[in-house]
Amino acid sequence: MRDQRAPFDALVFIGRFQPLHNGHVAVMREALAAAPRLVVLVGSANVARSPRNPFTYDERKAMIEACAADGLSGDAAGRLIVRPLADVAYNDQAWLAEAQRQVTRALREAGVEAPRIGLIGHAKDGTGYYLKLFPEWGSLDVVSRPMLNATDLRLDYLRPAARMPSEHLCPPATIDFLARFMQGEAFRWLVEEAQFYADYKARWGATPYPVFINCVDAVVVQSGHILLVERAHRPGKGLLALPGGHVDPGERFRDAAIRELKEETRISDGRGEIPPGMLGSFVVDDKTRLFDDPHRSERGRVVTQAFLFELPARKQLFTVRGDDDASSARWHELGSLRADAFFEDHAAIIREMTGATLE
């Protein structure tokens, strides 16, 4: 790694900024004092709204740019570059490649040739993890960063009686955005989601050890299409998802995936609903995979076993209709999927199981 004391042509700051707070601003101010350019990579740029990620990339980019325009430093607006950084769950190398690609492209467009790049962050908090992932870049550790926690800000904000942050916590541009955002339908949806998660966790509060929840998901493909449902209930009400759910006591995971597929989609051919035995014959057993990112669900420690069902190619796709926990079920072209339309990590599961690229 290049000597972190060496001068940099550009510094890179990676974060989710959910929302942008004064700790982030302090890092950006120090970066602009140490280098002519600052590239801010806004993480989780491709996920659906949730209490953990309530704001879109465009909303967070606007917060950052408004902060720069309000006087982050004298000429910050001309030296600050904001770019999206998509989540690539279950593929760290693809995420690293995307970060490298975004920085290279941003600096090339800014006319910076053969740049000396450094990654800025604080080694004693979560951003310290990133400092070890880019050996081709130098690093700059920020020791004076205010120790603010965006999680606490979100918990206060996403309540029926929202607590707005004060200016000693967030810059005025963030506070103005949050005040406007409270008036919209997205805020009400998020508050209801946050309350669901709080109630869900409270019901498990008396257990002597953390609850470990086992689920299954069915990745069903046919003739270039994938079978998806729209969630009828919280969490993730209204979002696209794979057919799936909890494993019943005494039930095998494979049987649970088949049961959930039948219950939520009523998948049928010309002779009626397809029986479990026939559905099981479509499972590609060597493609079965466990998805166990510790942060994949806001319900707690939830893992899912995904099963790939490859249905026979035919011009007329099997008939489906939403039932049980699904308000609707329908086929989608694999090439038309958007990652930010999906519940939890289902977009990543689809990518890993099918190889499809999601926008």
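A114 sits in the loop between helix 4 (92-109) and strand 4 (117-121); helices (H or I, at least four residues) and strands (E, at least two) are DSSP runs, numbered from the N terminus. The phi of A114 is positive, about 45°, although A114 is not a glycine. A114 counts as exposed because its relative accessibility is 70%; exposed means over 50% relative accessible area, buried under 20%, and partly exposed in between (1.4 Å probe, protein chains only). This is a predicted model: local features need pLDDT of at least 70 and side-chain atom pairs count only at pLDDT 80 or more, while totals for chains, interfaces and linings use all residues. Residues are numbered from 1 along each chain as its sequence is written, and side-chain values use heavy atoms, with hydrogens and water left out.

**Backbone exceptions**

- Most residues other than glycine have a negative phi, and most peptide bonds are trans.
- D324 has a positive phi near 60° and is not a glycine. D324 lies in the loop between strand 13 and strand 14 (326-333). D324 is classed as partly exposed because its relative accessible area is 40%.
- The peptide bond from Q18 to P19 is cis, with omega near 0°. P19 belongs to the loop between strand 1 (10-15) and helix 1 (22-34).
- A cis peptide bond also joins R234 to P235, with omega near 5°. P235 is placed in the loop between strand 7 and strand 8 (240-241).

- Helix 8 (residues 253-265) has 13 residues and reaches 18 Å from first C-alpha to last. That is close to the 18 Å expected at 1.5 Å a residue, the expected span being 1.5 Å times one less than the number of residues.
- The buried residues of helix 8 are A256, A257, I258, R259, E260, L261, K262, E264 and T265.
- In helix 6 (residues 172-181), the buried residues are A173, T174, I175, F177, L178 and F181. They pack against helix 2 (57-69), helix 5 and helix 7; contact means heavy atoms within 4.5 Å.

**Nonpolar cores**

- The largest nonpolar core has 66 residues. Such a core is a set of buried Ala, Val, Leu, Ile, Met, Phe, Trp, Tyr and Cys residues joined through side-chain atoms within 4.5 Å.
- M28, L38, I64, I267, F309 and W331 have the most contacts inside this core. Helix 7 (residues 185-203) gives the most to it, with six residues.
- Apart from it lies another core, of 20 residues, including L240, F342, I349 and M353.
- I64 touches F17, L20, M28, V40, V42, L80 and V82, not counting residues up to four places away in sequence.

**Cavity and pocket**

- The structure holds one cavity of 30 Å³ or more. On a 1 Å grid over the protein atoms alone, a cavity is a set of points where a 1.4 Å probe fits but cannot get out; a pocket is an open set with protein on both sides within 12 Å along at least five of seven lines; lining residues have an atom within 4 Å of a point.
- The largest cavity holds about 40 Å³ of space. Grid points are joined across faces, edges and corners, and a volume is the space filled by probe spheres set on the points.
- P19, F55, L153, R154, Y157, P165 and L178 line the largest cavity. Helix 5 (residues 150-157) supplies the largest share of this lining, three residues.
- Six residues of the cavity lining are nonpolar, none polar and one charged. Ala, Val, Leu, Ile, Met, Phe, Trp, Tyr, Cys and Pro count as nonpolar, Asp, Glu, Lys and Arg as charged, and the others, Gly among them, as polar.
- The second largest pocket holds about 430 Å³. Its lining has 28 residues, with R231, G244, G245, H246 and R299 nearest the centre.
- Two or more residues of this pocket lining come from each of helix 7, strand 6, strand 7 (225-231), strand 9 (244-246), helix 8 and strand 13 (301-310). The lining divides into 12 nonpolar, six polar and 10 charged residues.

- I213 lies in strand 6 (residues 212-222). I213 counts as buried, at 8% relative accessibility.
- Leaving aside neighbours within four places in sequence, I213 contacts Y200, H246, R301, V302 and V303.
- L290 is found in strand 12 (residues 289-291). L290 is partly exposed, with a relative accessible area of 41%.
- L290 touches V303, T304 and Q305, residues up to four places away in sequence not being counted.
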